[in-house]
Amino acid sequence: MKVIFDDKDIIIKQLNDFDLGQTLECGQCFHFTKIGHNDYGMVAYGKFLHAIQKEDVLILKDTSAVDYYSLWRSYFDLNRDYSKIKQYLLKKDKKLKEAIEMMWGVHILNQEFFETLISFIISQNKQIPHIKQIVAQISKKYGKLVGQIGDIEFYSFPEVDTMYSLTEDELRACKTGFRAPYICDAVRCVKEGVILYENLLNADIKQCINQLVQIKGVGNKVANCVSLFGLQHREAFPVDVWIKRIVEYLYFDGKECSTEKIEQFGSKRFGIYGGYAQQYLFYYGKTVKMGLNSKKLQ
């Protein structure tokens with residue numbers, strides 16, 4: 001990987017095992033807008049970024065070296081050797097081969113904890129486009145304008161103090177529905193110190209999940225997602241309908257299994273790299289094997 005500072009842009013060349021579109025579109029984040037092919041505007045940690053990828057070259061538009069080194073390099077997880085992760089997983093399990101080859105460019109983003117927590121509470125029983133719409137609406141109404149591409153505006157996700165002042169009715173006006181009281185409770189827990197970011201970071205995965213499920217409406221799936229995407233617990237193995245289907249298909253001869261059994265299987269099978277295996281399986285199962293491009297199990 002070679003980083004070039006070209007006027008106002010950061011140009012990253014010779015980029016291996018990374019695809020911008022696959023990484024953003026795989027269901028781990030919701031605060032972005034697709035502008036064109038591998039061309040996206042996004043907001044993370046209150047900052048706006050316009051990123052474009054052409055083959056193995058990633059261009060971060062109007063980005064300072066300070067922002068690249070302090071934020072975006074870590075956010076995209078660019079310093080991690082994903083070829084070693086893939087080698088480990090394939091040595092552990094040959095059944096992942098097709099999933100990894102198809103979804104070769106997925107990186108796990110290092111996202112901001114609070115926004116990740118609220119976003120995955122919103123995600124319950126919602127499709128990704130709907131989740132993105134709700135996150136965008138909350139951000140536009142209560143966040144700050146941080147960037148623009150053409151006539152598309154980008155707003156930061158509101159801070160804890162701002163969210164703490166919102167009522168359930170105000171959240172429902174943003175189409176959160178039955179999730180409004182869950183969001184309010186999550187915000188209260190963070191604001192009042194019931195849930196502490198530092199404690200979650202330092203906890204093991206079981207302790208982390210046990211703390212997160214104290215929040216109303218947060219079950220194991222959401223807690224695992226928050227642990228994986230917002231707390232860098234890479235061993236987390238979230239189980240939703242797509243993971244359940246693809247794991248049953250690949251490992252249990254299509255037989256029905258409980259969510260708990262799938263979660264235990266993933267944790268035992270893939271260990272510290274459970275989150276990476278989950279992302280390859282999730283995106284592959286949803287878009288190729290059983291989802292958007294297949295009629296199987298529809």
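A: Happy to! A term for the core to begin with: a nonpolar core is a set of buried Ala, Val, Leu, Ile, Met, Phe, Trp, Tyr and Cys residues joined through side-chain atoms within 4.5 Å. Also keep in mind that this is a predicted model.

Q: Got it. Which residues touch the most other members in the largest nonpolar core?

A: Those are Met163, Leu212 and Val247, in a core of 72 residues. Apart from that core lies another one, of 22 residues, with Leu15, Phe32, Ala51 and Phe76 among them.

Q: Let's stay with leucine 212. What is it in contact with, leaving aside neighbours within four places in sequence?

A: Leucine 212 is in contact with Phe113, Ile195, Leu200, Val218, Ala223, Val226, Ser227 and Leu231.

Q: I see Phe113 there. How many of the 10 residues of helix α5 are buried?

A: 10 of the 10, across residues 113-122, so α5 is largely enclosed by the rest of the structure. The buried residues include Phe113 and Phe114, and also Glu115, Thr116 and Ser119.

Q: And what covers them?

A: The cover includes α6 (128-142), α7 (160-164), α9 (180-191), α10 (197-202), α11 (205-212) and α12 (220-230).

Q: What goes on at the start of α5?

A: A side-chain oxygen of glutamate 112 comes to within 3.2 Å of the backbone nitrogen of phenylalanine 114.

Q: How many of the lining residues are nonpolar, polar and charged?

A: The largest pocket has 13 nonpolar, 10 polar and 4 charged residues in its lining.

Q: OK, and what about the second largest pocket's volume?

A: That pocket has a volume of about 260 Å³. Two or more lining residues come from each of α11, α12 and α14 (259-270), and α11 has the largest share, with 4 residues.

Q: Which residues line it, and how do they split by class?

A: Its lining is made up of Ile205, Lys206, Ile209, Asn210, Asn220, Asn224, Glu235, Ala236, Phe237, Glu263, Gln264 and Ser267. By class, that lining has 4 nonpolar, 5 polar and 3 charged residues.

Q: Changing topic: where is asparagine 38?

A: Asparagine 38 is in the loop between β3 (32-36) and β4 (39-44).

Q: Is asparagine 38 buried or exposed?

A: Asparagine 38 counts as buried, because its relative accessibility is 8% and the cut-off is under 20%.

Q: What does its side chain make a polar contact with?

A: The partner is the side chain of aspartate 19, at 3.3 Å. Beyond neighbours within four places in sequence, asparagine 38 is in contact with Asp19, Leu20, Gly21, Ala51, Ile52 and Gln53.

Q: Last one: where does tyrosine 75 lie, and is it buried or exposed?

A: Tyrosine 75 lies in helix α2 (residues 65-75) and, at 5% relative accessibility, counts as buried. Its contacts, leaving aside neighbours within four places in sequence, are Cys29, Met42, Ala44, Tyr45, Leu109, Asn110 and Gln111.

Definitions and conventions
Residues numbered from 1 in each chain as written. Predicted model: local features only at pLDDT ≥ 70, side-chain atom pairs only at ≥ 80, totals over all residues. Heavy atoms only, no water. Buried < 20%, exposed > 50% of the residue type's maximum accessible area, 1.4 Å probe, protein only. Contact = heavy atoms within 4.5 Å. Polar contact = N/O pair within 3.5 Å; in protein donor to acceptor, adjacent residues only side chain to side chain. Nonpolar A, V, L, I, M, F, W, Y, C, P; charged D, E, K, R; others polar. 1 Å grid on protein atoms, 1.4 Å probe; cavity = no way out; pocket = protein on both sides within 12 Å on 5 of 7 lines; lining within 4 Å. Points joined across faces, edges and corners; volume = space filled by probe spheres on them.
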